[in-house]
Amino acid sequence: MEGTFVRHDRVETTPPHGDVIRADVRAPARGDPRTAVLVAHGFKGFKDWGFFPRLSERLAEDGHLVVSFNFSLNGTGPDLVDFTDLEAFGRNTLSRELEDLRWMVDRTMAGDWSGGRAPAATGLLGHSRGGGAGIVTAAEHSGVAALVTWAAVSSFHRWGDEHVRDWTTRGVTYVPNARTGQQMPLYRTLWDDLQANADRLDVTAAAAMVRVPWLIVHGEEDATVHVAEAHRLKEAGPSAALRVIAGSGHTFEAVHPMEESTPGLEAAVEATLRHFRASL
């Protein structure tokens, strides 16, 4: 149980690739929700970071079955909040994340988290790189009925010459984690996957194929993913609406651990709740 009005269960599921996906399932405490929302984290993210638990709870309070999950190779282990499996983090690719997200959409639509009852409509919400994955999935998967992206990337190509040089000469590059102080490996398989699947992993091209109701939420002062990327997605997406939150950044001023909400986060949540009410 999480809060008075929300049921909360932790579950695990294993796709055909054999790596575990750990998830939280939240639902209104009374009744059976008619709709479902999947919540996907971004790069160096995890389902229990900062705003994700509160966001998921708010969505469940609003009447949805809410499934937030860790991508199978995101690097966190059974303790859920520490990057205890850097080898897995290093092996992750964008194609793997798309495989994971499709698996979670399929399992949600099959009723795996709702006693075998298939939801009438399923929405996706992704943050940052998870937003990019959500865009590609919404373009590819006919079962996605609505999309919300927070601070979404318009391109997965975010690597500099130094990273590419590391991959080509050593097979690995490293990125720092400011929160933990860890140097996190990324193996050349990430770069090879981007090159081999360039067409599928073109986020802006996928945006043009999204036909379901789509809300783009972005902080005006985002220093990680510039707000220009939100405008690029809006221009590409025929069904997209854009909500820019003035004075807000990449996480809408939320931190980890999160003790209280922020005005930017509240604005993002309220816009999201309205969008899913109208479109699911």
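Modeller: Happy to! One term to begin with: a residue is buried under 20% relative accessible area, exposed over 50%, and partly exposed in between, using a 1.4 Å probe and protein chains only. This is a predicted model, so local features need pLDDT of at least 70 and side-chain atom pairs count only at pLDDT 80 or more, while totals for chains, interfaces and linings use all residues. Residues are numbered from 1 along each chain as its sequence is written, and side-chain values use heavy atoms, with hydrogens and water left out.

Colleague: Thanks! Is S68 buried or exposed?

Modeller: S68 counts as buried, because its relative accessibility is 1%. S68 lies in strand 4, residues 64–69. Helices (H or I, at least four residues) and strands (E, at least two) are DSSP runs, numbered from the N terminus.

Colleague: And which residues does S68 touch?

Modeller: Leaving out residues up to four places away in sequence, S68 touches R22, A23, D24, R26, V39, K47 and S56. Contact here means heavy atoms within 4.5 Å.

Colleague: Let's zoom out. How many helices and strands are there in the chain?

Modeller: The chain has 9 helices and 10 strands. Of its 280 residues, 56% count as buried.

Colleague: New topic: in what sense do strand 7 and strand 8 pair?

Modeller: Strand 7 (residues 172–176) and strand 8 (residues 183–187) pair in the antiparallel sense over 5 bridges. Two strands pair if DSSP finds at least two bridges between them. V172 stands opposite Y187 in strand 8.

Colleague: What's in the turn of that hairpin?

Modeller: There are 6 residues between the two strands, and G181 in the turn has a positive phi of about 80 degrees.

Colleague: You mentioned Y187. Which residues does R91 touch?

Modeller: Y187 is one of them: R91 touches D19, L73, Y187 and T189, again not counting residues up to four places away in sequence. R91 belongs to helix 2, residues 86–91, and counts as partly exposed because its relative accessibility is 37%.
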